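Please look at the structure first.

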Amino acid sequence: MFEYGFLQQYWWFIVSLLGGLLVFLMFVQGGNAMIFSAGKNERQRQMIVNSTGRKWEFTFTTLVTFGGAFFASFPLFYSTSFGGAFWVWVLILITFVFQAVSYEFQTKAGNLLGKNAFRIFLTVNGCLAPLLIGTAVGTFFTGSDFTVNKEAVGDSLAPVISVWGSGWHGLEAVTDFRNLLLGLAVMFLSATLGCLYMINNIDDRELVSNIRKNLPWAAGGFVLFFVAFMTAIFLSEGYAVDASGTVFMEKYKYWHNLLQMPAVLAIFLVGVFSALYGIAKTIFKDGYRRGIWWTGAGTVFAVMALFMLAGYNGTAYYPSYSDLQSSLTISGSCSSEFTLKVMTYVSFLIPFVLAYIIYAWRSMDSKSITAEEIETTDDKY
Amino acid sequence: MVDTALIGWSRAQFALTACYHWVFVPLTLGLAVIMAVMETLYVVKKDEFWKRTAKFWQKIFGINFAVGIATGIILEFEFGTNWSNYSWFVGDIFGAPLAIEGIFAFFMEATFVAVMFFGWNKVGRKFHLAATWLTGIGASISALWILVANGWMQHPVGMEFNPDTVRHEMVDFWAVVSNPVAISKFFHSVLSGWMTGSVFVIGISCWYLLKKREIRFAKASIRVASAVGIIGTLAVMFTGDSSALHVAKYQPMKLAAAEGLEDGGPRAPFSIVPGVEIPGMLSILATHDIDGFVPGINDLLDGYVAPDGTEVLSAEAKKERGDMALAAFKAYRENRETDPAAAAEAKKVLEENVEYFGYGYIDDKEELVPDVWLVYWPFRIMVGLGCFLLLLMILVLWFERKNRIEKMRWLQWVSLCSIPLVYMAGQAGWIVAEVGRQPWAIQDLLPVKAAVSSLSKGAVMTTFFIFVAVFTLFLVIEIRIMINAVRKGPETGAEDGTAAVEGAQAGDR
């Protein structure tokens, strides 16, 4: 029923979709980044924490699923990137680990470090996690320093297939300004989404007014760094793959990809315009609260398009600049046909999962968070 | 050559994360059932007392839940960061359960846990109850998929080695999912979580009895927890028995190490402690036959002939077959594009010896023996404490039903002091399972030294100590917060206290 080539492309699509959803759900991080800047007093800070705190597990679970889907469908990426860019992933994980406990611990008696320490952890995760994830994804376009040698399995003394070249194990990514541009773009995007989400989720004139003041700055930063990154990438050489699987450098590769894949171009444009529409309408129309849905959907589309640009149309999605032929391609790094087929059948149940998530989300968010609720209920962080 | 210190630190880091993870997860699994039963009683009886009781344990659940998630994400990514070769070599099989776990179980948990914590005043009573049950079910299904993956590591099935892609590839998903080792492991682990939750609830409730406060709450909690715990413990024993059969069949070295059995044979004795044995008991446990043959460590290293006439290869012979498999693999890779006939011949040799592939990485047969001390004693701790805790729960339930539990201060103290014991039993169980698996990451196919990432020892040491500090900090904070929450009490209002006991006796039984 499904051909191997189709399954490979399909799973890159699923990974792209999960990537898009993950960046959208990082509104949690963006909101937390503003605990101290938008929350001017204890009540406002509590409202921010409780607003993002009822969604953080979605972000966390999407991150886990993104990792799991990569492991299942592109295990050579999992092996090469996680084992190689070790420090980047460890740093990302540590910030998420602190975030996971901080909600529950922050206001509890006996928490040892005090309320503010846990809120600082949330804020640090809010800034650092999107920055690091964006920087790591930047290497999908700019490349990393690794080699892959499958023959090594036959060497009983040194059987490791993927070997990272730099002793910095991933931290060297910050030396390429293009990676940093994407990191900063994602960081400001998550802050933008955080503003839009809280404007939608919180019913408090004073706090929402503070958040609205932050929105233009966050959105401006996002637009600036995103445009800079896209320009840099479109003007750069990219990692192309020919029919025989040989990787070579091609000038303006990612720009060519955009033009040669009209569907991806459409997804990209819809994503960018939808994201900008949500931001602009929220900024310019007082009382408008639905911007998160426009910008959120736009984020999902735009990020999906970025992953598609990195992987489709004869492109090495995880390139090695030190050994071009070690670069990872969709067909060269994916799971077997059988595994992808099994996973594809499993993926058909995702709409069911989405349906109950939407149902539960709507049930919980039918009423916005108010100061009164925070003051009177016990069911809060 | 792979640095042995790197392997050691990588193992230590994974063991550290897994052990800490298993501090938090069993309480999540057990409390999920207990509080769901309590909330069900609230919905059925429409008695606010049960709502407040369920909410108190949900508060404890919440404190514990987040740390379990935090340690869990580290575990998932450590497969990539610390065991990158493993991730490629078996990712085609191992990754699928992990992804399914994320898509179904984690999202179920994540969606409904928020409804459970914050939805009391936002959704209907029945929807809330469904959310509480679905949180617990989601947690249990999470355990299913990761234990399918773990069971596969203990007894790899449903795959073939592909020398072109240089990895094992799944060919039978159903064989992986229905792997008997995985099924036993799932029920054994999840139901041991029921034990943990039950002993925890009983212990805390007994503390209230010792303090002569929250009497109705404490007795009601004891009643629910001990019932759940007894069911769980009996099922743990049953699945433990089937696990023993599987270990004897698929991982005989683990069993020999767990028994400290140097030389095996029929009517093998079970060692209670060194020097105290029950004749024939190990044969019964391992084969369900008192005359069953159980190989010892020396038999497995030197080779032996099983009672049915099957010749079991010695370690040296397996090593030879492993070397042949590795050599054939190299020959195949060298010739596959230039000399098809030589490649076909090499592939044939590889296929004949692939079941011993991992032995090609073994240098010395002594590597094949896990640390006997570290398997023998945890096994006794696990079994001994399991039996003790079953007895304790039966006693607690008995005296509660006889309405004498309030006067049994010694039993209240024993119950309170037993909380750490149930954790020790759980940790000991995982030490038996995972240390007993050594030197293998995947039984017979991939030793840990060939599974590790190419990192510096210093990097892994650094993250080891970072994780020690972070996890210990979380544990200390969790314990402090729990102690505070328990001291504060369930706030069951005017219905608490001795006067409420009569109400409990009249209304709830």
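## Contact between the chains

This is a predicted model. Chain A gives 65 residues to the contact, and chain B gives 69 residues. On the side of chain A that touches chain B, the elements with two or more residues are α5 (56-73), α6 (75-84), α7 (86-105), β2 (162-164), α15 (337-347) and α16 (350-364). By class, that side of chain A has 40 nonpolar, 17 polar and eight charged residues.

## Helix α16(A) against α3(B)

Two packed helices are described by the angle between their axes and the distance between the axes. For α16(A) and α3(B), the angle is about 10° and the axes lie 10 Å apart. Angles under 35 degrees count as roughly parallel, so α16(A) and α3(B) are roughly parallel to each other.

From α16(A), the residues that meet α3(B) are Ile350(A), Val353(A), Tyr356(A), Ile357(A), Ala360(A) and Met364(A). Their partners in α3(B) include Ile103(B), Phe104(B), Phe107(B), Phe112(B) and Phe118(B). This contact has 13 nonpolar residues, one polar residue and no charged residues.

## The largest nonpolar core

The largest nonpolar core holds 304 residues. Those that touch the most other members are Leu93(A), Ala185(A), Ala305(A), Ile34(B), Trp57(B) and Leu446(B). Helix α3 (residues 84-118) of chain B supplies the largest share of this core, 24 residues.

What does Leu446(B) touch, not counting residues up to four places away in sequence? Its contacts are Tyr86(B), Phe89(B), Val90(B), Gly358(B), Trp440(B), Ala441(B) and Ala451(B).

Notes: Residues are numbered from 1 along each chain as its sequence is written. Chains are lettered from A and ligands numbered from 1 in the order in which they are written. This is a predicted model: local features need pLDDT of at least 70, side-chain atom pairs count only at pLDDT 80 or more; totals for chains, interfaces and linings use all residues. Two residues are in contact if their C-beta atoms, placed from the backbone, lie within 7 Å. Helices (H or I, at least four residues) and strands (E, at least two) are DSSP runs, numbered from the N terminus. Ala, Val, Leu, Ile, Met, Phe, Trp, Tyr, Cys and Pro count as nonpolar, Asp, Glu, Lys and Arg as charged, and the others, Gly among them, as polar. A nonpolar core is a set of buried Ala, Val, Leu, Ile, Met, Phe, Trp, Tyr and Cys residues joined through C-beta atoms within 7 Å. A residue is buried if 20 or more other C-beta atoms lie within 10 Å of its own, exposed if 12 or fewer, and partly exposed in between; C-beta atoms are placed from the backbone. Axes are lines fitted to C-alpha atoms, for helices over the stretch in contact, and angles run from 0 to 180 degrees between N-to-C directions. Angles under 35 degrees count as roughly parallel, over 145 as roughly antiparallel, 65 to 115 as roughly perpendicular and the rest as oblique.
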